[in-house]
Amino acid sequence: MISVDEARNIILSHARVIGLEKIDLMSSLGRIAGEDVYASFDIPPWDNSAMDGYAVRFEDINDATPDNPVRLMVIQDLAAGYFAEKTVGSSQAIRIMTGAPIPNGADTVVMKEDTTSSTDTVTIAAAPAKGANIRRTGESVAKGSLVIRKNTLLRPPHIGMLASLGQNHVSVHQRPRVAVLSTGDEVIEIDSPRDPSKIINSNTYSISAQVLECGAVPVALGIARDDKQTLVEKLRMGLSADVIITTGGVSVGEYDYVKDALEAIGTDIKFWKVAMRPGKPVTFGVIAEKLVFGLPGNPVSCMVSFEQFVRPALLKKMGSPALFRPLLTVTIKEEIKTQKNLTYFLRVRVTCEGDRLYATTTGEQGSGILTSMVDANGLLIIPPEKNEVKAGEKMTVQILDRSFDQTVGE
Ligand code: AMP
Ligand code: MG
């Protein structure tokens with residue numbers, strides 16, 4: 001049986017970056033930049049005032065002191081949004097507002113708070129440094145500079161940067177379409193009449209939510225009965241997507257036909273078991289450059305194996321430079337026993353106490369117990385060579401989602 005790392009490497013070696021598309025700026029939040037973006041002009045485009053105050057010639061005010069203040073003629077009021085009509089000459093000043101372009105002749109701005117004034121004059125009792133209170137042309141962005149690197153995740157500052165450069169559209173990586181098929185005779189649709197012998201399909205929903213969370217597009221294929229022919233038909237429908245995910249039907253039970261059906265549609269199966277818990281029966285294959293994942297049916301197993309295998313592959317297809325969840329070293333609060341030769345992913349809640357991070361398991365770790373997944377904000381990784389963790393030991397936790405922001409520091 002292959003290890004989690006070996007499985008991930010095989011998958012990533014088959015994940016190809018898909019194409020680019022141009023989209024509206026406001027639709028690009030959370031998308032990944034498809035190309036480098038260079039500034040076509042300077043920001044700010046001209047020297048401008050960082051303060052409300054007076055634009056002056058430094059040589060006029062250099063000697064100002066409280067005992068010997070300098071008085072200048074105010075020749076114009078200048079608001080932001082306008083160029084000055086006049087040039088600041090000897091013993092003259094222009095009353096200037098924050099953001100207004102520095103008038104010709106002036107080289108320094110004295111802030112309003114350091115002056116006294118009448119309508120036509122201003123008195124300055126102390127000189128700031130030469131060139132003070134001026135924002136220089138291009139100090140935020142220089143014309144021709146690289147402002148957004150290809151493959152950057154676009155967050156609000158990037159959206160603002162693109163807007164400030166007048167870029168209404170942005171080139172981003174396409175979102176892979178991911179077909180999601182649940183399997184099992186016992187599984188019924190969420191809106192079917194209740195049947196005491198059946199369970200409601202939750203996997204399609206949790207997996208589709210995980211697909212959405214990493215920025216791809218889920219396409220629900222419904223539920224296939226445990227019957228090879230039905231599976232083959234449903235899987236064929238999934239071939240229009242970039243990635244296919246099935247849940248259930250991949251273990252060694254009498255009615256586990258997913259691997260057979262995948263082979264029947266021509267999938268080149270790369271592996272069908274990974275030394276991990278939960279999630280051992282994970283099948284991966286490739287058909288016409290499409291990635292096919294046969295995830296286990298248990299609600300936690302499929303989500304955990306999605307995290308380990310599908311998410312990095314989808315992120316790679318979208319051009320993301322970061323493929324993996326953040327890993328943190330935390331102190332484990334309890335003793336944990338595991339079986340050797342398997343990588344364990346235990347549902348834990350990471351909390352911050354003082355300057356240390358701790359993790360506690362969130363309860364029963366059975367692969368069908370979604371409750372402990374709901375309460376978790378991370379997965380504690382216990383490597384295959386270990387079979388015991390002692391209370392107080394430091395271990396690695398994979399941080400799962402943004403609920404971590406809310407729980408740490410509570
Ligand atoms: P399987 O891998 O097909 O043997 O399924 C393992 C367990 O997961 C069984 O108890 C199933 O009832 C459950 N299961 C399978 N598919 C789903 C699904 N779509 N939603 C919720 N539970 C499921
Ligand atoms: Mg089944």
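Visitor: Which helix is Tyr 205 found in?
Guide: Tyr 205 sits in helix α4, residues 203-213. Helices (H or I, at least four residues) and strands (E, at least two) are DSSP runs, numbered from the N terminus. This is a predicted model, where local features need pLDDT of at least 70, side-chain atom pairs count only at pLDDT 80 or more, and totals for chains, interfaces and linings use all residues. Residues are numbered from 1 along each chain as its sequence is written, chains are lettered from A and ligands numbered from 1 in the order written, and side-chain values use heavy atoms, leaving out hydrogens and water.

Visitor: Why does Tyr 205 count as partly exposed?
Guide: Because its relative accessibility is 42%. Buried means under 20% relative accessible area, exposed over 50%, and partly exposed in between (1.4 Å probe, protein chains only).

Visitor: OK, strands now. Which strand pairs with β19?
Guide: β24, residues 343-353, pairs with β19, residues 276-277. The sense is parallel, over two bridges. Two strands pair if DSSP finds at least two bridges between them. Met 276 stands opposite Thr 343 in β24.

Visitor: How many bridges join β24 to β26?
Guide: Five, and the two strands run antiparallel. β26 covers residues 378-382. There, Leu 379 is opposite Arg 347.

Visitor: And to β25: parallel or antiparallel?
Guide: Antiparallel, with six bridges. β25 spans residues 356-361. Glu 353 has Arg 356 of β25 as its bridge partner.

Visitor: What do β24 and β25 form?
Guide: A hairpin, with two residues between the strands. Gly 354 lies in the turn and has a positive phi of about 60°.
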